[in-house]
Amino acid sequence: MTTYAIGDLQGCHDEFVALLEQLDFDPRRDHLWLAGDLVNRGPESLACLREVMALGESATTVLGNHDLHLLAVARGGARENRKDTLSAILAAPDRERLLDWLQSRPLLVRRCAGEQGDTVMTHAGLLPQWSVEQAAGLAGEAGSRLTGERAGAFLERMYGNAPACWRDDLDGIDRLRMIINVFTRMRFIDAAGCLDFAAKEGLDSAPPGFAPWFQFPRDDDPWLLFGHWAALQGETPASRVRAEALDTGCVWGSRLTALDLGSGRRISVPSRQR
């Protein structure tokens with residue numbers, strides 16, 4: 001069995017199909033890890049959602065910020081943004097089944113590999129101050145609220161930039177919002193693990209005192225897979241951890257990339273987006 005990790009689809013269905021063909025992917029034999037943001041901005045979000053869901057146990061995906069935005073629009077009272085491409089999902093006859101499936105996706109997936117250490121995938125990354133065990137527990141904590149009876153009320157209050165710094169004694173909506181923001185929105189942080197939410201471009205856009213989260217050391221050594229940051233174009237310069245950037249900007253006209261977790265080889269197909 002070969003496991004491939006693939007960056008943000010964001011509605012790029014034609015490229016996803018082309019990449020699977022390039023990989024000679026067989027769902028009876030192979031497995032996909034998808035770094036979240038299956039939907040939005042691209043032209044075929046509905047097709048992407050249906051395609052990944054149809055793969056069943058052959059595909060594992062984490063929630064990204066655009067996936068959560070879809071859920072907030074559909075079930076949390078949020079408004080669509082001008083650039084959203086979610087209308088086909090919201091009008092689909094199978095929308096509730098698709099949304100139920102998406103809402104049950106985790107924020108973190110983990111594979112233990114003995115002496116080789118853990119392989120961990122989240123959408124945006126892993127806060128250096130969190131151990132893998134702590135991060136897995138926090139992901140489960142927030143995931144329980146996303147799938148609980150009051151998930152709609154939580155989705156209504158999920159958005160916000162405060163708090164920006166993690167503390168173990170955070171509780172209530174502040175705690176859950178911080179967890180969600182780390183896993184789905186994080187790019188630049190400072191040495192204390194505080195997040196900056198304004199800078200979204202390349203490394204030269206870092207505010208004073210901030211750096212990419214992967215340029216800070218950790219006490220453990222997991223292999224970290226993440227998407228979210230298309231401006232990196234698959235690179236993690238000056239990284240002090242084992243980190244793989246998977247989002248190579250397909251929706252912005254670059255390419256869609258898969259990483260063979262066994263060999264470390266990267267396979268890409270060009271974007272068809274303007």
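Two strands are paired here if DSSP finds at least two bridges between them. Strands (E, at least two residues) and helices (H or I, at least four) are DSSP runs, numbered from the N terminus. By these rules, strand 2 (residues 31-34) pairs with strand 3 in the parallel sense, over three bridges. The model is predicted, so local features need pLDDT of at least 70 and side-chain atom pairs count only at pLDDT 80 or more, while totals for chains, interfaces and linings use all residues. Residues are numbered from 1 along each chain as its sequence is written, and side-chain values use heavy atoms, with hydrogens and water left out.

- Five strands form an open sheet in the order 3-2-1-11-12, and their pairing is mixed.
- Strand 3 (59-61) and strand 12 (266-270) stand at the edges with a single partner strand each, so one side of each has no neighbour in the sheet.
- From one strand to the next, the twist averages 20 degrees; axes are lines fitted to C-alpha atoms, for helices over the stretch in contact, and angles run from 0 to 180 degrees between N-to-C directions.
- Leu34 has Thr61, in strand 3, as its bridge partner.
- In general, strands of a sheet pair through backbone hydrogen bonds, either parallel or antiparallel.

- Burial is judged by relative accessible area: buried means under 20%, exposed over 50%, and partly exposed in between (1.4 Å probe, protein chains only).
- In helix 5 (residues 95-103), the buried residues are Leu98, Leu99, Trp101, Leu102 and Gln103.
- The cover over these buried residues includes helix 2 (45-54), strand 3, helix 3 (65-75), helix 6 (132-146) and helix 7 (151-157).

**Nonpolar cores**

- A nonpolar core is a set of buried Ala, Val, Leu, Ile, Met, Phe, Trp, Tyr and Cys residues joined through side-chain atoms within 4.5 Å.
- The largest such core has 84 residues, and Ile6 and Phe16 have the most contacts inside it.
- Helix 8 (residues 172-185) gives this core its largest share, seven residues.
- Apart from neighbours within four places in sequence, Phe16 is in contact (heavy atoms within 4.5 Å) with Ile6, Leu9, Leu32, Leu34, Glu51, Val52, Leu55 and Leu256.
- A second, separate core has eleven residues, including Trp33, Val109, Leu225 and Leu261.

**Salt bridges**

- The structure holds 16 salt bridges, each a side-chain nitrogen of Lys or Arg within 4 Å of a carboxyl oxygen of Asp or Glu.
- One of them joins the side chains of Arg41 and Asp84, at 3.0 Å from N to O.
- This pair links distant parts of the chain, 43 residues apart: Arg41 is in the loop between strand 2 and helix 2, and Asp84 is in the loop between helix 3 and helix 4 (87-90).
- Arg41 is partly exposed at 27% relative accessible area, whereas Asp84 is buried at 12%.
- Asp30 and Arg29 also meet through their side chains, at 2.9 Å from N to O; Asp30 is buried at 4% relative accessibility, and Arg29 is partly exposed at 41%.
- A further salt bridge, 2.8 Å from N to O, is formed by the side chains of Asp169 and Arg167.
- Asp169 is exposed at 54% relative accessibility, while Arg167 is partly exposed at 44% relative accessible area.

**Cysteines**

- A disulfide is a pair of cysteine sulfur atoms within 2.5 Å, and the count comes to one by this rule.
- Cys165 and Cys194 form a disulfide, with their sulfur atoms 1.9 Å apart.
- The link of Cys165 and Cys194 is right-handed, with 110 degrees about the S-S bond.
- Cys165 lies in the loop between helix 7 and helix 8, and Cys194 in the loop between strand 6 (188-189) and strand 7 (195-196), so the pair ties together parts that are 29 residues apart in sequence.
- Cys165 is partly exposed at 28% relative accessibility, whereas Cys194 is buried at a relative accessible area of 12%.
- Cys250 is buried at 1% relative accessible area; its sulfur is 3.6 Å from the closest cysteine sulfur, in Cys12, which is too far for a bond.
- Cys112 is exposed, at 58% relative accessibility.
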